[in-house]
Structures are given as C-alpha cells and as structure tokens.
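Dear colleague,

Please find the structure below, together with its sequence. My notes on what was found follow directly after it.

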Amino acid sequence: ANFGAAITALAALGATRDACVLALGGGVAGDLAGFAAACWMRGVDCVQLPTSLLAMVDSSVGGKTAVDIPEGKNLVGAFHPPRAVIADTAALRTLPPRELRAGLAEVIKYGAIRDPLFFQWLQAEHAALLAGDDTALAQAIARSCEHKAEIVARDPHEKGERALLNLGHTFGHAIETEQGYGAPGNDNLNHGEAVAVGMVLAARLSAQLGMSSEADTAQLRDLLLRYELPVEIPAGLAPEALLARMRLDKKNIAGRLRLVLWRGIGRAEVVADVDEADVLRVLAAA
C-alpha cells in the first residue's frame, strides 16, 4: 500500500467528512492511514488499532503521521491526533520475535530519557519481556504510553520538550534511509533496531562532549544487548553518508544539527548547534 492508493480508495468509497479511517497494523500502516486521514478533505477522524509493540508504545500515540521518501524518513506528514487508540495486547502473541524486540527498543528509550527506575525495571524483567509475558508487556506498554502522553500533552507539535522522544532517532533514521529502509525480504535494520543503534551513538556522543560518563553508555549498551538488539552501525555505511542524511533531520534549525543527547540514564536533553566534526568522529569510531 502507498499514500496515493489510500487516497484513491477513500475517493472510490465516497468518504465524506464524517468518515473515520481505521488504522489496523504496525507503525507503517498506522502512519500511512493517519496521514491519509489528515489529508482527506483536510482531515477526517482516525482510530489507531496497533498490532505491533512498537506501534502500541510509540507511533500510534501522539498524532504524528507521515510517509517515508527516498530522501529521508517521515519527511512528509502531518500532526493528526487519533480519535482513539485501541491496543489489544493479545495481538502480540503472534508477533515475530524480531518485531517484539524492535518494540522493546522504544520501551527502553523511555527509561533512558526520563525514568531511571523504569530503566532498572527493564533490566530486571528482560527475560519475561523477551518471552512475551502478558503481564510484563502490559506494564511496559502502560508506562511507556504514560510517559509519551505526558510529554505530548505539553508539546503536541514538537516545538520543544517532545523532541526528547527522539533519542537515538536522528542517527537511527539516517541508518534506515541510507540502507533503503527495512522490509520483508531484506536484511536492513527495522526502525526499532536502528533506534537501538542510534541511542548508543547518542550516548557515545554525549560522553565525548563531556555530558555523561562512559559507564552510562555501557549500561545502555549492555541492556540493549540483553534484549538481543544491535548496538553497532551495520557494515558498509559510510560515516559521511550518514552525516549527510542527518542534515535533513526535522529537528534541525537553520541548517545546524540539533540532537537529543543525555547527561546519563533518565536525563535526556535537546542540544542545539552540535558540531558536525564531533558527530563524524562518533560515526567513524563505531
């Protein structure tokens, strides 16, 4: 499916402004359906019905909708909050293990940016979460959504604090774009895997800039490895090419890199005017 096909389907249906688009699926399906709903007749209702862990804890909540283009990820989109989000955790019982792990990367992100106690809980509960335990997953989803909802309520259009939710995403999106995006049939990193690598790179850059300790980076890296997630840039990606992709990130202002870094576990912050030479050093050392 693609955006044009979704719009054509709405036209063929004769959808009017009282229509409601149901977004059933993972993050890509939810983003595509939400963006189609945002554009059709300048906006119709959308209900998100996420079926992947990543969509349940991140993409279905908060109203960001978008489609990817060859030049970059999520560059074409709109803020269009759903009328409702209905997440049935029973859907996760048939989720492939790799997709479950990808969602857990976004769960770990919430602990990394603002909740050290949640980070510790994730360290203790990794076996249950990897095994798909219903109770553990429900707790992880609820806590993640609480964090996102609190931030989005204060900053719905990402003018400030909401950017913290993008820890690891500037690096991760660059990796996804340079690889040509993950899809069935290729070995490219999926979104959650790319974010996992991106969080480690952001932590390494923070340590390089004197904002955090190498011990913090090691804790994050070790936790991601316990969840069987990648922590290094895939082979064959040139540092200069990744930096070029990062220049097109939506958080940048006036052509200057603006990244989410941290001062340690649970203490993320947005840093403006990051020197490209520092970023390149981290990319080259990975």
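In the hairpin of β6 and β7, five residues lie between the strands, and G264 takes a positive phi near 130°. The model is a predicted one. Strand β6 covers residues 257-262 and strand β7 covers residues 268-274; the two run antiparallel and are joined by five bridges. Within this pairing, V260 has V270 in β7 as its bridge partner.

Six bridges connect β1 to strand β2 (residues 45-50) in the parallel sense. One of the residue pairs here is L22 with V47, the latter in β2.

Turning to the protein as a whole, it has twelve helices and seven strands. For 286 residues, a compact globule would have a radius of gyration near 19 Å, and the 18 Å of this protein agrees with that. The C-alpha atoms fill a box of roughly 55 × 45 × 40 Å along the principal axes. Of the 286 residues, 51% count as buried. The protein exposes about 12,500 Å², and carbon and sulfur atoms supply 55% of that area. Among contacts between residues at least 6 apart in sequence, 72% join residues at least 24 apart.

One lysine may be of interest to you. K73 is placed in strand β4, residues 72-79. Is K73 buried or exposed? Its relative accessible area is 12%, which is under the 20% limit, so K73 counts as buried. Leaving aside neighbours within four places in sequence, K73 is in contact with D68, H173, E176, T177, Y181, H191 and K250.

The structure holds 22 salt bridges, and several of them are described here.

- E161 forms a salt bridge with R154, with the closest N and O atoms 2.7 Å apart. E161 is partly exposed, at a relative accessible area of 28%.
- R221 and E232 meet through their side chains in a salt bridge of 3.6 Å, N to O. This pair links distant parts of the chain, eleven residues apart: R221 is in helix α10 (residues 214-226), and E232 is in the loop between α10 and α11 (239-246). R221 counts as partly exposed at 29% relative accessibility, and E232 is likewise partly exposed, with a relative accessible area of 30%.
- R247 and E276 also meet in a side-chain salt bridge, at 3.0 Å from N to O. Here too the pair links distant parts of the chain, 29 residues apart, with R247 in the loop between α11 and β6 and E276 in helix α12 (residues 276-285). At 45% relative accessibility R247 counts as partly exposed, and E276 counts as partly exposed at 25%.

With kind regards

Terms used. Residues are numbered from 1 along each chain as its sequence is written. This is a predicted model: local features need pLDDT of at least 70, side-chain atom pairs count only at pLDDT 80 or more; totals for chains, interfaces and linings use all residues. Side-chain values use heavy atoms; hydrogens and water are left out. Two strands pair if DSSP finds at least two bridges between them. Helices (H or I, at least four residues) and strands (E, at least two) are DSSP runs, numbered from the N terminus. The radius of gyration is taken over C-alpha atoms; the globule rule is 2.2 Å times the number of residues to the power 0.38. Buried means under 20% relative accessible area, exposed over 50%, partly exposed in between (1.4 Å probe, protein chains only). Contact means heavy atoms within 4.5 Å. Accessible areas come from the Shrake-Rupley method with a 1.4 Å probe; for residues, only the protein chains shown count as cover. A salt bridge is a side-chain nitrogen of Lys or Arg within 4 Å of a carboxyl oxygen of Asp or Glu.
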